[in-house]
Amino acid sequence: MKILRNITLAVFLALTAVCCVSVPEAVTCDGFPLMEPDYTFVTIPENISPLNFRFPDADGFRVKLSGGNSSIEIKGKKDLRIPISKWRNLLLQTDTVLVKASVNIEGQWQSYSPFCFYVSHEPIAPYIAYRKINPGYEKFGKMGLYTRSLSDFGEKPIIENTLMEGSCVNCHSFASGNPQTMQFHIRGIEGSTILKTPEGVERLNTSTSKTLGSCVYPYWHPSEQYIAYSVNTTRQSFLNNVDEVLEVCDLASDIVIFDVQGRNLILDSLLMQNDVFETFPAFSPDGRKLYYCAAAALEPGRFREIKYALYEVDFDPSLGRLTSSPRLLYDGDGQSVSFPRPSPDGRYLMFTRSSFGNFSIWHRDADLWLLDLETGEKKPINEINSQDTESYHAWDPSSSWVVFSSRRGDGLHTRLYLSLADGRGGFTKPFVLPQKDPSLYDRSILSYNVPEFVLGEVGLSAKKILKQHIKNIEIR
Amino acid sequence: MKIKPSYIFASFLGLLALLIAAFYFYVQPYGLRFAEGQQLFLFNTAFLRDSLLHPGGAAEYISRFLTCFFRFPAAGALIIATLATLLALGLCSFCRQFSISSFWSILFLAPTAYYALLLVNDHYLITGLTALVLAVWGARAFCCINKYRGLFILPLAILVWMICGACVVVWIGLILLYLLVTKSRGFLWLALVTILSYISCFILADLLFPQLRFNWLFQGGQFFLYPNFPIGHFLLLWAVVIVSAILQKLPPMRRLYLPAILGAVMVCGSLWAFGKLHNPLKEEAYSYYVECRQANWEKVVEMGQKKSPESQYSSICLNLALARSGRLPENLFDYPQRELEGLIAANDFLYSGEVVYNLGMSNESAHAAYEYMMSRADHQYPVWQLCRLSQTAYMASDDALARKYFDILKDSPFYGDWEDRVKKDDFCNKLRENPLREDFYFDVSNFSEILKTLHNHYTQDIAIKDYYLCSLLLIKDIDGFYKAAESCGFPSNKLYKQAYAMLYALGKIPKEGLLPVVDNEVMKTLDSYIRSYESSRGRASALTSYRNTLWYYMNFGQTGR
């Protein structure tokens with residue numbers, strides 16, 4: 001019995017010794033470990049979900065996150081997943097989370113310089129809406145519109161095309177982030193525009209005999225009374241230059257305004273000129289101006305010469321019509337402007353600038369620019385631009401945060417990045433939308449695009465919507 | 001030895017399994033290999049989790065794993081035969097629970113043969129058969145529960161639904177049958193619970209999977225490539241339950257010749273049905289495609305020499321193989337041609353994707369791979385298309401993108417070393433060093449112009465040059481051919497010599513002094529062809545000896561001399 005007790009004791013001590021062995025002799029390295037995604041020195045909202053990341057080259061890691069009186073220690077092989085409750089507690093206690101990492105690479109432990117996450121207390125909308133789509137061009141596979149909670153990893157579909165096989169869902173747009181007032185399109189067999197207002201949900205056919213086709217690129221008026229749309233005849237062409245995959249050109253495009261109350265379209269010849277391509281409308285936060293992009297109409301063969309400039313025109317919400325001639329805001333300096341988006345405080349306007357055309361998502365040189373609406377000063381946002389495509393972007397209703405899509409991850413699949421705006425035209429280092437599984441972006445071949453901040457979840461029954469009758473809209 | 005009914009059942013089941021295996025191995029091996037490339041299976045927890053999180057996910061996961069082995073037709077044939085056998089044995093074992101005479105077990109060959117036959121059509125996936133096997137054996141396992149059955153039924157029904165998808169209806173049916181036949185205590189209550197359990201799956205579906213179609217969840221949508229699984233086949237899932245129900249009503253028989261006759265009828269009927277359902281054109285196209293994908297050009301040409309291809313897609317592959325092995329201008333008209341459609345097909349991403357890849361158009365090849373992948377109605381990412389995307393990304397020096405695909409493929413059972421294979425591939429490396437930077441739109445109707453641009457870029461590539469010149473001959477643009485041949489230095493292959501002779505006969509070029517030199521032997525043949533043509537007034541039957549000439553293809557009979 002005594003022998004047995006001694007053996008048990010010896011085994012226990014041996015096990016304890018093994019377990020207590022800390023990191024063996026670690027080599028100290030300058031610089032930071034290779035981690036994906038790169039979250040070093042990013043500024044994050046206080047309610048963001050844990051920034052899970054991975055050490056792709058590691059055979060093991062030990063990470064300590066600390067701040068205030070709290071700390072989290074995590075050990076693992078490659079993937080670091082931070083427990084959400086501990087993370088939440090940590091962010092409540094500090095403005096700076098210090099991260100110390102030791103990584104085992106090919107049997108050798110290496111200690112790296114610590115880095116930080118800066119915690120911002122600027123408010124941010126609790127959700128982001130986006131489209132997840134395979135990067136096909138003509139067929140869609142499985143795709144859909146989703147809302148994602150920023151504070152956890154919860155993603156819910158608004159609608160997926162599994163209910164209408166082969167169709168595409170796109171152009172989701174919210175009135176100042178309000179999930180109760182929104183719209184999106186279905187393209188294909190069940191084609192229609194879904195309009196959700198506090199009064200209910202309707203399916204509309206926005207194509208009329210006097211317009212070029214169905215309405216696209218929506219932007220809600222702050223009063224929720226109007227939606228500005230572009231109507232386009234578009235051609236998609238495949239290039240065989242390895243530097244460029246695809247060019248999408250407009251053969252014609254106009255801007256129309258949809259009166260939500262009257263369910264009719266307001267047409268104005270100023271925005272429907274035959275020799276001009278007008279597109280990407282956006283209302284100013286006070287609702288009294290309409291920003292848009294326009295270019296001289298050229299045939300598709302001259303696609304490299306099509307350069308869009310930024311314009312504004314006065315709009316009277318009480319009359320529902322334009323009240324001035326268009327004014328040039330920025331000619332693009334020989335480049336092309338797309339996706340103008342004014343900040344909700346009315347101070348800035350963010351847009352995408354690329355060498356030509358309007359489908360900037362396929363242009364590697366596409367970058368985000370900022371126009372100061374008070375001073376007229378324009379500048380590229382170097383803090384958030386990369387060598388690859390930056391395209392669609394949206395402001396948080398508080399004007400403090402921006403979300404944008406970029407292909408910087410792998411050159412093809414767009415990911416969503418968030419950055420804090422300092423209110424003086426500066427931005428912090430952007431960080432990719434965190435995922436529960438830090439390897440998700442590495443293995444997923446879905447693109448996340450058209451991000452919008454949303455103030456709540458969108459409660460829609462896709463099955464009920466599809467049972468609804470499609471109503472035609474009229475021209476006012 | 002006394003012959004028992006169970007021996008007869010076992011013998012005919014063995015015979016049927018042998019027939020199934022032999023059919024798939026000998027008659028449809030390329031169909032199996034093609035199926036392997038049309039799906040993805042990964043050995044990682046994320047893939048497992050994603051698979052299991054929807055109804056029928058376990059059956060799908062197992063099926064995808066098994067389908068990986070279809071790359072070896074013998075293994076694929078064995079897997080299908082084994083699943084079919086397991087279905088019959090499961091039914092047999094289930095019915096033994098309520099003392100059905102093994103005399104009638106022979107009838108279980110009917111559903112077994114039926115579901116094995118469905119797979120002849122590659123729109124049916126083995127997920128259906130796997131789910132059926134799991135449902136039947138699940139029902140058999142339920143029979144072992146002796147106590148508190150009522151408590152188990154609801155969670156088990158949901159579990160079976162999550163494992164087998166629509167085949168839960170078979171499980172429910174068999175359980176009801178079992179309860180009825182064994183006159184279980186509290187039968188009515190148990191039956192009610194069973195039916196309510198099934199209904200609860202519908203309620204759960206509406207709550208948990210509001211974006212999925214009802215027919216996908218409950219009518220076998222995932223057993224079929226397209227979302228609308230034929231309702232008839234779904235209803236026939238009940239065949240296993242109905243057969244079981246009939247069996248327990250049939251009186252035991254003593255005469256053994258009856259099951260023997262039934263067994264023979266079913267096996268012979270299956271043989272006939274296999275022959276009837278087999279689509280040789282599809283198998284032919286798959287055989288050419290599969291070999292082309294692996295760049296087995298010699299094998300493709302050999303297949304063409306054995307038997308001329310009958311479908312357009314096979315012709316495309318054969319012409320590609322001829323071009324890549326430098327024999328296109330020698331052998332183009334040895335096979336029936338379909339103008340430009342024999343080189344590339346409009347609105348097709350699979351076969352044409354192979355052509356554009358082998359002509360070095362990495363963008364268009366990636367486009368074709370994506371579109372083909374997106375057009376898969378079952379939303380699977382075919383492993384072959386992922387392989388192709390990794391190749392095109394590597395060729396275009398999009399290394400981050402190529403890395404992503406290589407990393408995904410690392411977890412697949414047979415493509416873990418794909419990165420090494422691509423990096424050692426001369427073709428990929430050659431294109432990576434000299435990628436296309438010409439700015440042109442891809443459009444099949446403008447194929448010759450595209451080939452001209454390609455030829456100007458890859459001047460040393462014989463396949464592209466031959467594609468270019470032959471495309472002009474196939475569209476009967478003899479003037480265009482002359483200009484193109486001039487830019488290529490007037491190559492002297494058999495077909496081109498025929499074209500030069502024809503140009504001379506038309507008075508468009510002099511015989512000597514200027515390039516191209518018109519071959520005297522070819523001119524003599526052309527003269528005799530024209531004489532035959534004139535004497536027969538162009539009747540095809542009189543010109544059979546010229547079938548493999550350009551002149552015959554162009555119906556050339558009027559000369560300009």
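Visitor: Which element gives the largest share of the lining of the largest cavity, and what makes a residue part of that lining?

Guide: In this predicted model, helix H20(B) gives the largest share, 4 residues. A lining residue has an atom within 4 Å of a grid point of the space, on a 1 Å grid over the protein atoms alone. Helices (H or I, at least four residues) and strands (E, at least two) are DSSP runs, numbered from the N terminus. Two or more lining residues also come from each of E19 of chain A and H21 (383-395) and H22 (399-410) of chain B.

Visitor: Why is it called a cavity?

Guide: A cavity is a set of points where a 1.4 Å probe fits but cannot get out, whereas a pocket is an open set with protein on both sides within 12 Å along at least five of seven lines. Points are joined across faces, edges and corners, and volume is the space filled by probe spheres set on them. By that count the largest cavity holds about 280 Å³. Among its 24 lining residues, the closest to its centre are Val245(A), Arg364(A), Leu412(A), Asp398(B) and Leu401(B).

Visitor: How are the residues lining the second largest cavity divided by class?

Guide: There are 8 nonpolar, 1 polar and no charged residues. Ala, Val, Leu, Ile, Met, Phe, Trp, Tyr, Cys and Pro count as nonpolar, Asp, Glu, Lys and Arg as charged, and the others, Gly among them, as polar.

Visitor: What makes Asp50(B) and Arg443(A) a salt bridge?

Guide: The rule asks for a side-chain nitrogen of Lys or Arg within 4 Å of a carboxyl oxygen of Asp or Glu. The N to O distance here is 3.7 Å, so the pair qualifies. Between chain A and chain B the count is 5 salt bridges.

Visitor: How do you know how much area is buried between chain A and chain B?

Guide: Buried area is the accessible area (1.4 Å probe) that two parts lose on being put together, summed over both. For chain A and chain B that comes to about 3,600 Å², with 52% from carbon and sulfur atoms. Asn240(A), Val242(A) and Ile445(A) supply 22% of the area that chain A buries against chain B, more than any other three residues.

Methods: Residues numbered from 1 in each chain as written. Chains lettered and ligands numbered in written order. Predicted model: local features only at pLDDT ≥ 70, side-chain atom pairs only at ≥ 80, totals over all residues. Heavy atoms only, no water.
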